[in-house]
Amino acid sequence: MSEPTEQRYHSGAALVVVDMQHDFADPDGSLYVRGGDQLAEPIAAEIAAARAAGARVVFTQDWHPEHTPHFATDGGLWPVHCVMGTPGAEFVPGLDPAGAPEPVVRKGSGPEDGYSGFSVRNLDTGAVHATELAGLLDGVSELTVVGLAGDWCVKATAVDAAEQDFAVRVPLALTAFVELNPGDTDRAIDEMRAAGVAVD
Ligand code: VGL
Ligand code: ZN
């Protein structure tokens, strides 16, 4: 059973909202994640609960150039998605932090994969660079990670956070999975649990 939302948040806790963007969360998006369109409302409620309890809220945004080895057109894995400055990269209605005081961490704007909100990996050199996310969570010990996609960016962000000694939870009702290969969802859940993430 999930613990009531109100008890999850306090000033030492944070909610990380991962990649709730048109290309992932809209049935018309170029990399639509099945079920992603059902998440905006419950995640908006979660954001409201976190804010009300004085917890920090941080958004991540997949933010790619037109050409990147992250895209199949340039040798990578994915259809073109979340190209910086295009409508597909915008946040879905109701989850747009514009005007809210919370920060947005953009990732993947170089020749890189940006799965984790904490770091990006250069696909040419293999070098890993930290984003500003860890710095934004100074003084926070508990993280709730929600959004898209459960088997990619949510998983990578949650596992990185657990490795950095945050107490991390991923509520399954607030994420959805790409399932590129059959079994990816279960494997992702297993990987998160093995890293010490509470997946419920
Ligand atoms: C993501 C695939 C490619 C994600 C980002 O947000 O989970 N997945 N880029
Ligand atoms: Zn991407």
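**Note on the salt bridges of a predicted model**

1. At 13% relative accessibility, E102 counts as buried, because buried means under 20% relative accessible area. Please keep in mind throughout that this is a predicted model.

2. E102 forms a salt bridge with R51, and the closest N and O atoms of the two are 2.8 Å apart. The pair links distant parts of the chain, since R51 lies in helix α3 while E102 lies in the loop between β2 (56-62) and β3 (104-107), 51 residues apart. R51, with a relative accessibility of 41%, counts as partly exposed.

3. Helix α3 (residues 40-52) also holds E46, whereas R8 lies in helix α1 (residues 5-8), so this pair ties together parts that are 38 residues apart in sequence. The side chains of E46 and R8 meet in a salt bridge of 2.5 Å, taken from N to O, and both residues are buried.

4. A further salt bridge joins the side chains of R121 and D113, at 3.5 Å from N to O. Here R121 counts as partly exposed, at 37% relative accessibility, while D113 is buried, with a relative accessible area of 10%.

5. D19, D62 and K107 are linked in a network of salt bridges, and a search of the whole structure finds eight salt bridges.

6. According to the unreviewed UniProt entry, the annotation "domain: Isochorismatase-like" covers residues 13-199. Over residues 13-199 the chain is 23% helix and 22% strand, and the end C-alpha atoms are 17 Å apart.

Notes: Residues are numbered from 1 along each chain as its sequence is written. Chains are lettered from A and ligands numbered from 1 in the order in which they are written. This is a predicted model: local features need pLDDT of at least 70, side-chain atom pairs count only at pLDDT 80 or more; totals for chains, interfaces and linings use all residues. Side-chain values use heavy atoms; hydrogens and water are left out. UniProt positions are given in the numbering used here, feature names are shortened, and annotations may be inferred rather than shown by experiment. Helices (H or I, at least four residues) and strands (E, at least two) are DSSP runs, numbered from the N terminus. A salt bridge is a side-chain nitrogen of Lys or Arg within 4 Å of a carboxyl oxygen of Asp or Glu. Buried means under 20% relative accessible area, exposed over 50%, partly exposed in between (1.4 Å probe, protein chains only).
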